[in-house]
Amino acid sequence: MEQRGNRRRRNYNGRIALYSVMIGFCILALIEIIYGQKRLKLEKERLALEETNYQTLQALEQSQEDAKAQSNAPENTGAEDDKAFMNTVEKTTQGEASQTAEAAQGTETGEGAAEAQEDPYDMQIVFLGDSILDNVREYDGIATLIGDACNAKVYNMSMGGTTAALVGSEQYDFSKWESRCLLGVVNAILGNIDGSIFEGYRAGEILKECDFSKTDYFVIEYGINDFLAQVPQSIYLENGEVRNIDEAHTYVGALDTAVTLLHSGFPDAKIMLIAPHFCQFYNGETFVGDGYTLDYGYGKLIDYARVCGYVAEQHKEEGTIFYNAIEEGGINVYNADQCLEDGIHLTSLGRQKYVEYAIRLIKADFYREE
């Protein structure tokens with residue numbers, strides 16, 4: 001039994017060895033086939049390269065022979081070639097001129113004119129304001145956000161630090177005008193004053209490049225600086241008496257005059273008055289009040305917002321829209337830390353909230369006939 005088992009094991013081992021040898025031969029054969037194919041591919045590539053080099057060499061020799069023959073040709077051959085070339089150029093130029101004339105004629109008759117003159121914007125908006133609109137102009141600036149949402153061509157004439165009203169000794173005298181306030185911007189647009197006082201400001205550049213007659217909306221945003229500069233709300237006191245100042249030195253008077261002038265100069269344009277938004281005021285690091293509590297003697301900021309609404313109401317029939325930003329702007333005491341940088345100027349989040357209602361108002365007014 002033991003001998004029989006040994007023979008079986010030897011036979012089994014022998015078969016394993018045979019199989020191993022056969023597998024080895026198969027692997028070697030496969031390797032040889034793959035290697036042979038690679039050698040054949042390389043040989044084909046070598047022959048193709050030699051053929052390409054041969055053709056290139058032949059072309060080069062032919063080119064040299066042609067150049068030699070040309071150098072031995074009669075002298076007038078070059079002149080004839082030049083003449084033929086000039087005739088070709090003349091014919092080509094005449095053909096291009098003819099095509100240009102046809103294209104021009106097609107434009108004059110209206111063919112293709114629609115595409116060339118088509119305005120990609122739905123409307124044109126001119127912004128007049130202070131640093132709330134001026135501090136950030138690109139990307140998520142207020143004017144840019146509104147323009148993008150309304151598909152509007154935007155001209156932002158805002159200037160930081162300005163008021164709606166004349167201040168101090170500034171006078172409403174065109175010959176001596178020196179104020180960059182709202183009234184100054186409006187009178188410059190209308191050509192009543194020399195626009196050179198805006199040189200160095202973006203507003204000065206826009207005065208030269210904007211066709212204001214195409215404006216669909218003038219957006220006017222002022223009030224916070226008027227409040228801080230202690231500009232009176234109006235010439236009227238609560239007891240019915242009248243202040244000894246002209247209306248151009250008051251917030252209401254300046255807004256009313258600006259709206260009247262713009263409506264007169266551009267009767268087809270609408271005007272949006274934006275009231276001051278919610279603010280928090282500090283004396284250094286000390287909180288001194290907000291838009292509902294602080295009063296410098298001419299009323300609280302909420303009062304300036306309300307009289308702005310009063311002016312808008314007086315011109316409602318002329319197409320004036322009112323945006324009460326202090327109550328509809330989405331900024332309040334609960335989110336002021338996220339929406340206000342210094343208690344006054346808006347953060348990116350604040351600007352996003354601020355424009356939402358303005359966009360709705362403009363769209364509702366502009367597209368209401370559709």
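Trainee: Why does Ile132 count as buried?

Mentor: This is a predicted model, and the answer rests on a value computed from it. Ile132 has a relative accessibility of 7%. The term buried applies under 20%, so Ile132 counts as buried at 7%.

Trainee: Where is Ile132 found, and which residues is Ile132 in contact with, leaving aside its neighbours within four places in sequence?

Mentor: Ile132 is found in helix H4. Beyond its neighbours within four places in sequence, Ile132 is in contact with Ile142, Glu221, Ile224, His277, Ile344, His345, Leu346 and Tyr354. Ile132 and Ile224 are 92 residues apart along the chain, while their C-alpha atoms are separated by 9.2 Å.

Trainee: What makes Tyr139 exposed or buried?

Mentor: The relative accessible area of Tyr139 is 76%. Exposed means over 50%, and Tyr139 is therefore exposed at 76%. Tyr139 belongs to the loop between helix H4 (131–134) and H5. Its phi is near 55°, which is positive in a residue other than glycine.

Trainee: Why is Asn151 called partly exposed?

Mentor: Asn151 has a relative accessible area of 29%. Buried requires a value under 20% and exposed a value over 50%, with partly exposed in between; Asn151 is therefore partly exposed at 29%. Asn151 sits in the loop between H5 and S2, just after H5, and has a positive phi of about 50° although it is not a glycine.

Trainee: How do you know that H5 is mostly covered?

Mentor: Of the 8 residues of H5, 6 are buried. They are Ile142, Ala143, Thr144, Leu145, Ile146 and Gly147. These buried residues pack against S1, H4, S2 and helix H13 (348–366). Helix H5 (residues 142–149) lies across S1 and S2 and runs at about 165° to S2.

Trainee: What makes S1 and S2 a pair of strands?

Mentor: Strand S1 (residues 123–129) is joined to S2 by 5 bridges.

Trainee: In what order do the strands of the open sheet lie, and which are the edge strands?

Mentor: The open sheet has 5 strands in the order S2-S1-S3-S4-S7, with parallel pairing. Strand S2 (152–156) and strand S7 (320–323) are the edge strands, each pairing on one side only. Neighbouring strands of this sheet are turned by 20° against each other on average, direction ignored. Helix H6 (residues 182–189) lies across S1 and strand S3 (217–221), at about 140° to S1.

Trainee: How do you know that S5 and S6 pair?

Mentor: Strand S5 (residues 280–283) and strand S6 (residues 286–290) share 4 bridges in the antiparallel sense. Since a pair requires at least two bridges, these strands qualify with 4. Gln280 stands opposite Asp290 in S6. The two strands form a hairpin with 2 residues between them, and Gly284 in the turn has a positive phi of about 70°.

Trainee: How does the reach of H9 compare with the value expected at 1.5 Å a residue?

Mentor: Helix H9 (residues 251–265) has 15 residues, and the distance from its first C-alpha to its last is 21 Å, close to the expected 21 Å. The buried residues of H9 include Tyr251, Val252, Leu255 and Leu262.

Trainee: Why is Asn225 called buried, and how far is its side chain from the backbone oxygen of Thr162?

Mentor: The relative accessibility of Asn225 is 16%. Since buried means under 20%, Asn225 counts as buried at 16%. Its side chain reaches the backbone oxygen of Thr162 at 2.9 Å. A polar contact requires a distance within 3.5 Å, and 2.9 Å meets that limit. Asn225 lies in helix H8 (residues 224–228). Apart from neighbours within four places in sequence, Asn225 is in contact with Asp130, Gly161, Thr162 and Thr163.

Trainee: What percentage of the chain counts as buried, and how many helices and strands are there?

Mentor: Of the 370 residues, 38% count as buried. The chain has 13 helices and 7 strands. Among contacts with a separation of 6 or more, 69% join residues 24 or more positions apart. The accessible surface comes to about 22800 Å², with 50% belonging to carbon and sulfur atoms.

Terms used. Residues numbered from 1 in each chain as written. Predicted model: local features only at pLDDT ≥ 70, side-chain atom pairs only at ≥ 80, totals over all residues. Heavy atoms only, no water. Axes fitted to C-alpha atoms, helices over the stretch in contact; angles between N-to-C directions. Contact = heavy atoms within 4.5 Å. Expected span 1.5 Å × (residues − 1). Buried < 20%, exposed > 50% of the residue type's maximum accessible area, 1.4 Å probe, protein only. Areas by Shrake-Rupley, 256 points an atom, 1.4 Å probe, with all protein chains shown as cover. Polar contact = N/O pair within 3.5 Å; in protein donor to acceptor, adjacent residues only side chain to side chain.
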